[in-house]
Structures are given as C-alpha cells and as structure tokens.
Amino acid sequence: MNKEMIISSGDHETRVAILEDDQVVEVFIEREKQRGVVGNVYKGRVNKVLPGMQSSFIDIGLERDAFLYVSEVVNTVEEFERLAGDDEEEPVVPLGTPPAEVAAVVAEGIESLAVEAIVEPSEVAAAGPAAANDRPERRSRDRGPSPGRPGPKDDRDRPDAKIEDLLKEGQDILVQVVKEPLGTKGARLTSHVTMPGRFLVFMPTVDHVGVSRKIDSREERGRLRGIVREFREQHGFTGGVIIRTAAGGRSKEDIVSDLSYFHQVWTEIRQKMDARRAPALLFQEQSLVTKLLRDLLTDDYTAIRLDDPQEYRRVIALVERIMPNLLPRVKLYTKDYPILEEYGVQGEIDKALRSKVWLKSGGYLVINQTEALVAIDVNTGRYVGKRTGRLEDTIVKTNLEAVKEIVRQLRLRDLGGIIVLDLIDMEEKKNRQRVFQEVEKELRKDRSPSKAIQVSDFGLVIVTRKRVKQSLERQLTEPCPYCSGSGSIKSSSTICYEIMTELKKIGSELDGHGVIVRVNPDIARALKEEEPALLRDLQQSLGKAVTIKPDVHLHHEQFDVMAT
C-alpha cells in the first residue's frame with residue numbers, strides 16, 4: 001500500500017492528511033487557539049465526589065469539569081515514592097489495574113498510543129483479540145464482566161475500593177486527559193499517566209520493564225532491557241517502561257535519548273506539582289506534526305510533503321533522529337497552489353461535511369450523526385446493475401462497494417460510538433456473510449479500536465468505534481443559528497395558522513380599531529398569496545382590520561402583534 005503524509009502548516013492552523021493509494025483516509029487539524037488537551041497532565045482539584053456513580057468531577061482549568069472514574073484513580077504521590085526496580089518478564093505488576101492492560105496491549109504490538117491521544121487503558125479491549133486474551137477479566141460495578149468498560153481494580157487486589165475512600169472534595173490530584181471534551185461532556189481523565197516516545201512508553205504508576213513481543217530475538221530483547229535497567233540504576237529512574245517494536249535494532253543512544261526525555265519531563269512535572277496551585281497545566285503534549293511522525297512514521301510511507309520551510313526543517317531534524325533512512329522521502333512543496341488542493345485533500349474535507357456520499361457505481365450513502373449514534377444508509381441510487389444480471393448481484397456489488405467507502409468515511413470523519421450500517425437487504429445468507437466479512441476486513445485497516453456485529457438478516461450491522469477527539473464535522477462546523485442545528489424550520493403555512501390561533505386567543509384583549517402583525521417577508525407573502533382566505537376569516541372573526549407588515553429583521557418563525 002502506497003502511503004503519503006501531506007502537511008499544511010501556518011501560523012494559526014496545521015492540517016495533516018494521510019493518503020493511502022492516493023485516497024484521503026485521515027485528516028488531523030490543530031489550531032493554535034484550540035489545541036487539543038489529550039495527553040496533557042494537570043494538577044486538578046476534586047470538585048465533586050459521586051458515590052452513586054463511583055466517579056468524581058475534577059477542575060483542571062477547562063470550561064467544564066473533567067470526569068474521573070474510580071478505576072482510573074491511584075494515590076499518585078504516595079505510590080510514586082514507593083516504586084522499586086523490579087524488571088521481570090512476566091506481565092506488568094500494577095500499582096493500579098489499567099496500566100497492566102496498557103502494557104498488555106503495547107506488548108502485543110498495538111502501539112498507536114497518543115496519535116491524537118494516549119489509548120485509554122480501560123477501553124483497549126476492542127483493539128484486538130490477541131490483547132484481550134492475555135488480560136484478566138475485570139468487573140464493572142454496575143454491569144458485571146466487561147473488558148471494554150472501566151471498572152474497579154481486580155477483586156484480589158482492592159475488593160472494597162470506593163471513590164469516596166480514595167478522593168475527597170477539595171483534594172489536589174495529578175491527572176492526565178485521555179479523551180477530549182465532546183459536546184456537552186467534559187474531558188475524561190486518568191491518574192495513570194502514560195507518556196509515549198518513539199521507542200519507549202513510560203508509565204510512572206507501574207514498576208515494570210516490558211518488551212514488545214514483535215521483537216523476536218532473545219538477544220535483542222535482553223540488550224534493550226539491559227539498556228533500560230542500566231539507565232534506571234544510574235539515574236534512580238522509577239516507573240514502568242515498555243520497549244516498543246520501533247526500538248528493535250536501534251542504538252543505545254536512541255534508547256537513552258527517550259529515557260532521558262522521560263526522566264526530564266517527569267522531574268519537571270513533580271516539581272510543578274509541588275509548586276503550583278490547582279488547577280494548573282503541568283505538561284502539554286507535543287505539536288500535532290511531531291506526535292504523528294512519532295507514532296505513525298514507518299517504512300510504508302513513500303513521501304512526507306510539507307509546504308512550510310520552518311516546519312520542514314523541524315521534520316528533517318526529527319526524522320533524521322528517529323528514522324534516518326526515510327530522510328530522502330521528506331519533501332518541501334514549493335508551488336504557489338495550496339498543497340491541500342494539489343493533492344485533493346480539501347475537496348475530500350468538503351465532501352466529508354455533507355451527509356450524502358456518492359459511490360463510483362452510482363449508489364450513495366447517507367450519513368446522519370445524532371447524540372446517541374451514527375446512522376449510515378446505503379442506496380443503489382443510479383446504479384441498476386448489468387442487463388443480464390440478477391437483482392441480488394446488483395445489491396451485493398453495491399453493498400461491497402459501500403462497505404469500503406463507509407470505513408474510509410469513519411476514519412476520515414473520525415466518527416465514533418455506536419454506528420449502525422443499514423445495508424441493502426440481501427436474500428442469500430452467503431451474501432450477507434460475505435458483506436459482513438468485508439466490513440471486518442476493512443475495519444482492520446483502521447487504527448482506532450472497533451468491533452462489528454451482524455444483528456439481523458435485513459442488512460443491519462452495528463459497529464462500535466473508539467474516538468478520543470471531536471469528529472471532523474464538529475471541529476469545522478457549528479450549529480446553524482437559524483434552525484438551532486435541527487436542520488429544518490416550520491413551514492410558512494404552519495406559521496400562518498399559528499398567527500391565526502394566537503390572534504384568536506388574545507383578540508379580546510386587543511384594544512383599538514385594528515391590528516398590525518409584523519412578520520418575516522416570506523410569511524407576509526404566504527398570507528397574501530397562499531393563504532388569503534385565512535386572512536379574510538381572521539378579520540371577520542376579530543371584527544377588526546388586520547394589517548400585515550413585513551420585517552426583514554424577524555426570524556422566519558417569529559411574529560409580533562400590536563393593536564392600533
């Protein structure tokens with residue numbers, strides 16, 4: 001697969017697009033005044049403790065209080081002081097359950113930590129069966145066994161852990177954001193801080209050194225583990241380290257570089273934690289371009305194209321350090337024509353903001369986002385199949401084409417939560433299974449954890465997909481001020497009848513010889529041209545002259561009544 005990264009940088013905004021075989025599959029946007037908070041570390045203050053929900057609300061200085069669940073709480077200051085230096089080959093020995101799950105996932109090679117966020121420890125179950133099989137079962141307080149939901153620590157370790165015992169209102173706590181504020185919901189937090197680097201992942205609430213299982217060589221695993229152990233002993237460095245697949249074959253200097261960075265950052269965080277009053281930002285994640293290169297850059301990328309000379313120099317320096325063999329693939333775009341237009345990215349962004357998506361065959365998708373879920377409907381549209389073909393064949397071909405585009409749109413728009421795919425009904429079971437397998441195959445290309453379930457014989461497929469940031473639509477749009485985001489307004493006829501009802505209701509209270517009704521010009525036209533009988537009946541029932549006065553400043557649904 002041919003992959004490219006297109007980077008458009010400016011003083012106020014950076015946009016990055018990932019292309020696969022010349023198709024835009026992912027878009028990342030960062031604005032200087034609206035930088036994401038995922039990965040940031042804060043000194044927060046507990047505002048509310050809710051025993052009934054086993055959660056708490058933490059003030060970290062954002063517009064809304066952030067949410068911290070009981071399973072994400074660890075007594076950070078005390079636990080950090082007690083960290084030892086136990087380097088074992090066994091699974092992570094946690095001071096809190098979630099880091100063990102992070103370690104299991106990273107050890108399996110699922111290393112997409114901190115692309116836009118650090119993968120939430122409590123939600124990594126959907127990342128893959130291999131990771132899930134190696135984790136102990138956890139139980140949620142309210143829903144029983146559920147590896148995909150956050151829950152309290154393993155019963156053997158902390159059977160009676162309660163949020164009211166761990167946190168008190170007014171208490172200061174060190175937390176990290178794992179999910180952006182979405183809509184009316186505040187950010188989601190964890191006290192299990194996780195910091196990804198290019199070659200290592202640092203987890204200060206865990207005392208363990210682990211190595212990715214994708215590094216097969218026993219000698220290489222031992223060498224890397226020895227480098228980390230030596231650094232820990234020399235610098236008194238505590239906390240957990242996971243050695244990522246990218247570290248295989250790298251020099252001691254590269255590994256020590258990551259360790260030194262973690263040591264420096266964590267020392268600064270601890271110092272700021274003691275010196276600053278809550279709420280306070282203690283650590284801010286790196287820039288969008290740096291994060292993406294750190295976490296996504298592999299030999300699969302044939303080109304990294306940038307349009308800003310200053311950003312180009314920074315990327316050159318970074319790539320030279322982490323993957324020097326890819327240096328020739330970093331290219332500066334020098335044309336006057338915008339780079340996103342040149343590679344068709346802007347056009348794809350514009351299409352992603354529309355609900356209808358056309359397929360090459362002539363069929364189309366309709367994508368509707370709601371508060372509860374995302375509904376995607378598949379239609380044959382202009383595609384009528386072959387002259388000698390069967391209807392079933394036409395439907396199957398449309399569904400197979402639609403599935404590929406649906407998954408691309410999920411990635412491009414960054415849609416998450418519950419997604420219902422309403423595919424075209426298929427009669428034959430083998431065809432339904434074939435289409436469902438295509439859904440699973442395409443979802444494997446997606447870095448975000450997801451799961452698909454075939455729920456009926458009528459073409460319905462439910463997909464759950466993890467999302468940690470706002471969707472592309474919510475990043476780039478805002479609710480329509482005219483319709484308040486509903487997408488529709490009352491018809492002119494409806495407003496006309498509402499005016500009649502209102503006048504009948506207050507008619508007896510109106511003094512004077514006549515009535516003036518101020519309305520939007522569209523309603524004035526409707527009353528005179530489309531509903532003249534209604535106006536005559538109104539005047540007869542009131543026994544007064546009714547004057548319609550257009551006012552361009554009035555909303556379509558607004559009207560004022562005055563006696564004259």
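Two strands count as paired if DSSP finds at least two bridges between them, and helices (H or I, at least four residues) and strands (E, at least two) are DSSP runs numbered from the N terminus. This is a predicted model, where local features need pLDDT of at least 70, side-chain atom pairs count only at pLDDT 80 or more, and totals for chains, interfaces and linings use all residues. Residues are numbered from 1 along each chain as its sequence is written, and side-chain values use heavy atoms, with hydrogens and water left out.

**View 1. A three-stranded sheet with helix α14 on it.** The 3 strands line up as β25-β24-β26 in an open sheet with mixed pairing. At the edges you'll find β25 (545-550) and β26 (559-563), each with a single partner strand, so one side of each has no neighbour in the sheet. On average, neighbouring strands here are turned by 20° against each other, direction ignored. Strand β24 (residues 514-519) pairs with β26 in the antiparallel sense over 5 bridges, and V519 has F559 of β26 as its bridge partner. Helix α14 (residues 492-506) packs on this sheet and touches β24 and β26 (contact means heavy atoms within 4.5 Å); its direction makes about 35° with that of β26. Angles run from 0 to 180 degrees between N-to-C directions, with axes being lines fitted to C-alpha atoms, for helices over the stretch in contact.

**View 2. A four-stranded sheet with helix α5 on it.** Here 4 strands make an open sheet, ordered β11-β12-β14-β13, again with mixed pairing. The edge strands are β11 (195-196) and β13 (209-211); each has a single partner strand, so one side of each is left without a neighbour in the sheet. β13 and strand β14 (residues 240-243) run parallel, joined by 3 bridges, and G210 stands opposite I242 in β14. Helix α5 (residues 218-235) packs on the sheet and touches β13 and β14, its direction making about 155° with that of β13.

**View 3. Helices α11 and α12 packed together.** Helix α11 (residues 391-413) and helix α12 (residues 429-443) meet at an angle of about 20°, their axes 9 Å apart. That makes the two helices roughly parallel (angles under 35 degrees). From α11, the contact residues include V396, L400, V403 and V407, and from α12 they include R434, V435 and V439.

View 4. Over residues 75-159 the pLDDT is below 50.

Conventions
pLDDT = per-residue confidence, 0-100. Parallel < 35°, antiparallel > 145°, perpendicular 65-115°, else oblique.
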